[in-house]
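Please read the points below with the model open beside you, and look up each residue as it is named.

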Amino acid sequence: MNEIRIFSPATVANVSCGFDVLGFCLDTIGDQMVIRKTPIKGIKITKIVGADLPFEAEKNVASVSALALYNHANPDCGFEIEIYKNIKPGSGIGSSSASAAGSVFAINQLLGNPYSPTQLTGFAMKGEAVASGAEHADNIAPALFGGFTLVKSTAPLQVLQLPTPKELYATIIHPQIEVKTSEARAILPKNIPLQDAITQWSNVGSLVHALHTNDYKLLSQALIDVVVEPHRSQLIPYFNQVKTDAIKAGALGVGISGSGPSIFALSQSKKNAEAVAIAMHNTYSKTNISFNTYVSKINTQGMKILS
């Protein structure tokens, strides 16, 4: 195989209580990428559709992560990358990680799969650092592993794949505003009260247990963020109203997707998720802010080979 086309999925990071460690993979939102072998060594981006992104290999997250793998593998060929962006940069649903993870997944396929998903995550983190200023894997891991993931540690890198309850669906609303990751991080406190820390790690443990036991009631009780959301929600217009209306419509829980501005909700059943989407839509329809809404099952496969 000399060429491959893939679907590189959008992801939701943090999942309310799991700042920088938890994430899950979406199914209906994602980029497409085409990667092909070339006789000329090196990594080259030849086409970008859907976003104004750099073509320089050292500036684009897709090529930076690809170079990390390429320099480690040292193959007797090069690779060209085409990127078809459907995930808007700065949307909060893993646009940069889709590019970073997609390029290493595809090249690994073309090389005969010498690397594990954990190793690919490590390469992709190099690209993610270009976008966010730090190597983190909370979006990359679910894109490569599928489903829910927990980043146990980054040094050494250890990713835990968590089970996904079969009836769990996600609803996403993406307000068309920009929230820069750097600003969303800068607004966070350097120290937090001990009681908040206790509540937060209790929620993380409860969320993990709920996923293992298909306990939707416990899952709902665990989707609470007392550390990050109180600060970042100030950057997202009408966040509290959207959250209130979505829960009234049947959502198990609502939170900020990554650093925002997208807001996610988890629901038990597609029917409930669609009702939540209507509630979110109705809330933002009363504003002058453009937005998109999506309903997606949890994508337990992650990356998909299209051809």
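How many cavities of 30 Å³ or more does the structure hold?

1. The structure holds 1 cavity of 30 Å³ or more. On a 1 Å grid over the protein atoms alone, a cavity is a set of points where a 1.4 Å probe fits but cannot get out, and its volume is the space filled by probe spheres set on the points, which are joined across faces, edges and corners. Please note that this is a predicted model, in which local features need pLDDT of at least 70 and side-chain atom pairs count only at pLDDT 80 or more, while totals for chains, interfaces and linings use all residues. Residues are numbered from 1 along each chain as its sequence is written, and side-chain values use heavy atoms, with hydrogens and water left out.

2. The largest cavity contains about 70 Å³ of space, and the residues that line it (those with an atom within 4 Å of a point) include Asn14, Ser16, Asp225 and Arg232. At least two lining residues come from each of α8 (229-232) and β8 (253-256), where helices (H or I, at least four residues) and strands (E, at least two) are DSSP runs numbered from the N terminus.

3. Strand β5 (residues 148-154) is largely enclosed by the rest of the structure, because 5 of its 7 residues are buried, that is, under 20% relative accessible area, whereas exposed means over 50% and partly exposed in between (1.4 Å probe, protein chains only). β5 pairs in the antiparallel sense with strand β2 (residues 22-38) over 3 bridges, with Phe24 opposite Phe148; two strands pair if DSSP finds at least two bridges between them. With strand β6 (residues 157-162), β5 pairs in the antiparallel sense over 6 bridges, and these two strands form a hairpin with 2 residues between them.

4. Across the whole structure there are 7 salt bridges, each being a side-chain nitrogen of Lys or Arg within 4 Å of a carboxyl oxygen of Asp or Glu. In one of them, the side chains of Asp27 and Lys304 meet at 2.5 Å, N to O, and this pair links distant parts of the chain, 277 residues apart. Asp27 is buried, at 17% relative accessible area, while Lys304 is partly exposed, at 22%.

5. Glu3, Arg36, Glu80 and Glu82 are linked in a network of salt bridges.

Terms used. 1 Å grid on protein atoms, 1.4 Å probe; cavity = no way out; pocket = protein on both sides within 12 Å on 5 of 7 lines; lining within 4 Å.
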